[in-house]
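Colleague: I am new to reading models like this one. Could you take me through the strands, the helices and the charged pairs?

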Amino acid sequence: MEIASVVTRISDIQVYNCDYAEGASFFMGEWKGCETCVEDLKVPHRHNGYSIDILIKGRIRQSIDFKSYEIEAPAIMLMEPNQIHRHDMAEDAELINIYFTNDFLVPDLQGVVSCWRCVFTSGLIPLNEEQLEEVLAYAALIRKEYNGNKYRKDDIIRGLLNAFVIACGRISEPSGKWMNVESSQYNMVRQFKMLVDEHFHEKAQVSDYAEMLYVSPGHLNDTVKALLGKNAKYVIDEKRIMEAKRLLYWGEHSIKQIAAQLSFEDDAYFNRFFKKHSGYTPASFQKSIREKYN
């Protein structure tokens, strides 16, 4: 597959957005480090949906939102929407990529998997040979259905994908802790994270999201902390800080412009907020991160 045919620039931020298969909600493909097209994977880009990479052989150097990882096979790499990343595959590397949008797993099926989004907080799941065999079995079933053209193909893929995500969660957390909480709590956290993704530019308080979810701020905070290990305000602030870092590194925005985009009262408050959460002023972060990666 030629990546160049599906990569397009978005906005004025120097990143790339990959809409696989001309905007399809599900995609499955394979990459080998010896192929010339993988050079395009070194270009920083981000996806609209979720990405699961099964590294079968070799190794890969991966940068995700300013963190670098040296990953040896076998392993699973999971990415949420809008995480800026790039891959540098060794020549002997082989991986299977599964991509799907948030809408592909319809609400009814999301409920079956409970908090399937929570699995993606794992980021990286090392595998042993037995676990690799298990995930490849799921991948083979999904690939067979994906490459075919049978009636209700997407419904079958959704069911298999649900099972695959549960298997990933079971491998990353064998105790099943993330599956043992009431589904209503998982649904609240799922909805909260989706709302944060949509509204973090203009809504920064826990009370804003509690109101949209028809619960008290205290209840929302306790539920989020129980499932994610961090309180709701931390999740909101983390999202805002990450977007600020992306704008500082990838874009050509002034600090005042970034403060305005993220609805800070003024750039002085943005400076204090950024330093509190990152240890750097926006200007010093921008200078150090560009020196590191350029």
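Modeller: Start with a definition: buried means under 20% relative accessible area, exposed means over 50%, and partly exposed lies in between (1.4 Å probe, protein chains only). Helices (H or I, at least four residues) and strands (E, at least two) are DSSP runs, numbered from the N terminus. The model is predicted: local features need pLDDT of at least 70, side-chain atom pairs count only at pLDDT 80 or more, and totals for chains, interfaces and linings use all residues. Residues are numbered from 1 along each chain as its sequence is written, and side-chain values use heavy atoms, with hydrogens and water left out.

Colleague: How many residues of strand E10 are buried?

Modeller: Strand E10 covers residues 94-100. The strand is mostly covered. Of its 7 residues, the buried ones number 6.

Colleague: Which residue stands opposite Leu 55 in E10?

Modeller: Two strands pair if DSSP finds at least two bridges between them. E10 pairs with strand E3 (residues 26-32) in the antiparallel sense over 7 bridges, and there Gly 29 faces Asn 97. Strand E5 (residues 50-57) also pairs with E10, antiparallel and over 7 bridges. In E10, the residue opposite Leu 55 is Leu 95.

Colleague: Why is one side of E7 and of E9 left without a neighbour in the sheet?

Modeller: Look at the open sheet of 3 strands, with order E7-E6-E9 and antiparallel pairing. Strands E7 (67-72) and E9 (85-89) stand at its edges, so one side of each has no neighbour in the sheet, as each has a single partner strand.

Colleague: What is the bridge partner of Ile 64 in E9?

Modeller: Strand E6 spans residues 59-64. E6 and E9 pair over 5 bridges in the antiparallel sense. In E9, the partner of Ile 64 is His 85.

Colleague: Which residues are linked with Arg 61 in a network of salt bridges?

Modeller: A salt bridge is a side-chain nitrogen of Lys or Arg within 4 Å of a carboxyl oxygen of Asp or Glu. By this rule the count comes to 13. Arg 61 has such a bridge to Glu 70, with the closest N and O atoms 3.2 Å apart; Arg 61 is partly exposed at 43%, and Glu 70 is partly exposed at 46%. In the network, Arg 61 is joined by Arg 59, Glu 70 and Asp 88.

Colleague: Lys 193 and Glu 80 form a salt bridge. How many residues apart are they?

Modeller: Their side chains meet at 3.4 Å, N to O. Lys 193 counts as buried, at 13% relative accessibility. Lys 193 lies in helix H6 (residues 183-199), and Glu 80 lies in the loop between strand E8 (75-79) and E9. The pair links distant parts of the chain, and the two are 113 residues apart.

Colleague: Is Lys 239 buried or exposed?

Modeller: Lys 239 forms a salt bridge with Asp 197, the closest N and O atoms being 3.2 Å apart. Lys 239 is in helix H9 (residues 232-250), Asp 197 in helix H6. Asp 197 is partly exposed at 36%. At 19% relative accessibility, Lys 239 is buried.

Colleague: Are H4 and H5 roughly parallel or antiparallel?

Modeller: Axes are lines fitted to C-alpha atoms, for helices over the stretch in contact, and angles run from 0 to 180 degrees between N-to-C directions. Helix H4 (residues 129-147) and helix H5 (residues 153-172) pack at about 170°, with axes 9 Å apart. Angles under 35 degrees count as roughly parallel, over 145 as roughly antiparallel, 65 to 115 as roughly perpendicular and the rest as oblique. So H4 and H5 are roughly antiparallel.
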